[in-house]
Amino acid sequence: MFGIGMPELLLILALALIVLGPRKLPEIARALGKGMAEFRRATDELKDELKQVESEIDESSPQATPRDDPFLAKNTDPAPTTSEAQPAEKSEQKPT
């Protein structure tokens, strides 16, 4: 779980029993379990809501095209390769 093995877990439980006592330990464990369950429920609800919003966005917005978005138009232009750039440089140079 958190890299805690069985010996470490037993040591932690023994220390908790000594510090808290046998009467308080079950109450605290129950409260901790309820808190973790509530946290898990809240995170699951948040995940579901985010998935729902994501699906609504995907359904409502059409696929962007380079005509719609200038950023896409810039990225779809092929970049000049080094072989295309070299002849242009050679033609600019004057032989001496």
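Q: Which element of the protein chain has the lowest mean pLDDT, and which the highest?
A: This is a predicted model, and pLDDT gives the predictor's confidence in each residue. Helix H4 (residues 82-92) has the lowest mean pLDDT of the elements, at 54. H2 has the highest, at 92. Where pLDDT is low, the predicted coordinates should not be read in detail.

Q: What does the protein chain average in pLDDT?
A: The average is 79. A score of at least 70 is reached by 66% of the residues.

Q: How many helices and strands does the protein chain have?
A: There are 4 helices and 0 strands. Along the sequence, the pattern reads α-α-α-α.

Q: What share of the protein chain is buried?
A: Buried means under 20% relative accessible area. Of the 96 residues in the protein chain, 1% are buried.

Q: Which residues make the nonpolar surface patch?
A: A patch takes residues with over 30% relative accessible area and no salt bridge. Here the nonpolar patch is made by Phe2, Ile4, Met6, Leu9, Leu10, Ile12 and Leu13. The patch covers about 720 Å².

Q: Where does Met6 lie, and is Met6 buried or exposed?
A: Met6 lies in helix H1 (residues 6-20). Met6 counts as exposed because its relative accessibility is 55%, and the cut-off for exposed is over 50%.

Q: Which residues gather in the patch of negative charge?
A: Asp and Glu count as negative. On the surface, Asp44, Glu45, Asp48 and Glu49 gather in such a patch. Take Glu45 as one of them. Glu45 lies in helix H2 (residues 24-60). With a relative accessible area of 54%, Glu45 is exposed.

Q: How many salt bridges does the structure hold, and which side chains meet in a salt bridge?
A: A salt bridge needs a side-chain nitrogen of Lys or Arg within 4 Å of a carboxyl oxygen of Asp or Glu. The structure holds 1 salt bridge. In it, the side chains of Arg41 and Glu38 meet at 3.0 Å, N to O.

Q: Why are Arg41 and Glu38 separated by about one helical turn?
A: They are about one helical turn apart because 3 residues separate Arg41 and Glu38 in helix H2.

Q: What relative accessible area do Arg41 and Glu38 have?
A: Arg41 has 46% and is partly exposed. Glu38 has 44% and is partly exposed.

Technical notes:
Residues numbered from 1 in each chain as written. Predicted model: local features only at pLDDT ≥ 70, side-chain atom pairs only at ≥ 80, totals over all residues. Heavy atoms only, no water. Patch = residues over 30% accessible without salt bridge, like charges linked within 9 Å, V, L, I, M, F, W, Y side chains within 5 Å. Areas by Shrake-Rupley, 256 points an atom, 1.4 Å probe, with all protein chains shown as cover. Charge placed at Lys NZ, Arg CZ, Asp CG, Glu CD. Helix = DSSP H or I, 4+ residues; strand = E, 2+ residues; numbered from the N terminus. Buried < 20%, exposed > 50% of the residue type's maximum accessible area, 1.4 Å probe, protein only. pLDDT = per-residue confidence, 0-100.
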